[in-house]
Amino acid sequence: ISHDSVAVKRLEDQIMSNPEMAHLLISPEKAELLCHEKTLLFIVDVHRPDMTVAPKLLEMTKRRVVIDHHRRSSDFIKQPLLVYTEASSSSTSELVTELIQYYGENMELNKMEATALYAGIIVDTKNFAIQTGVRTFDAAAYLRRSGADPQIVRDLFCTDFDTIKIKSK
């Protein structure tokens, strides 16, 4: 799990407080311990090895799937089994949501899963202000029908008054 922002930490806290989901988030060190020759590693929202949270896992696994919406760079992850990249997409969350819709016919997202994906769309589109299209809104509508909670998303990205005062100074 990446700890790059307050919003990510808040989402992590929500997931960890949910007994059904807390076991899903593990550290890179624990992932390394669980890794074996049949491990399938999913790399999402990045395709450069040096930008992953756990670069060592790339060395430990032969089976890798890359899902990303960023323009492909020259230092792409080596020898992935499957690549789903689309630079015209608003976000990787949009791509993952489409995969769930098209291939997970009997799959039902829980509220937190839908909310986390919805938050990914919100952050990458600056609240639907940039790089949005019909596919973006279709994915967002599907996530809302699946239980995504916009209030939780707003709370993830809210800034407390003390931070606002510091920024204004």
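Trainee: Is Glu98 buried or exposed?
Mentor: Glu98 is buried, at a relative accessible area of 6%; buried is under 20%, exposed over 50% and partly exposed in between, using a 1.4 Å probe and protein chains only. Keep in mind this is a predicted model, where local features need pLDDT of at least 70, side-chain atom pairs count only at pLDDT 80 or more, and totals for chains, interfaces and linings use all residues. Residues are numbered from 1 along each chain as its sequence is written, and side-chain values use heavy atoms, with hydrogens and water left out.

Trainee: Okay, what is Glu98 in contact with, leaving aside neighbours within four places in sequence?
Mentor: Tyr84 and Arg135, where contact means heavy atoms within 4.5 Å.

Trainee: Switching topic, how many aromatic pairs are there?
Mentor: Two, counting Phe, Tyr and Trp rings (the six-membered one for Trp) whose centres lie within 6.5 Å; planes under 30 degrees apart are stacked, over 60 edge-to-face, and the rest tilted. Phe128 and Phe137 make a stacked pair, 5.2 Å centre to centre with 25 degrees between the planes.

Trainee: And which residues form the aromatic cluster?
Mentor: Tyr118, Phe128 and Phe137. Phe137 is partly exposed, with a relative accessible area of 41%.

Trainee: What about Arg72, which ring does it lie over?
Mentor: Arg72 lies over the face of Phe76, 3.6 Å from the ring centre. For that call, NZ of Lys or CZ of Arg has to be within 6 Å of the ring centre and within 35 degrees of the ring normal.
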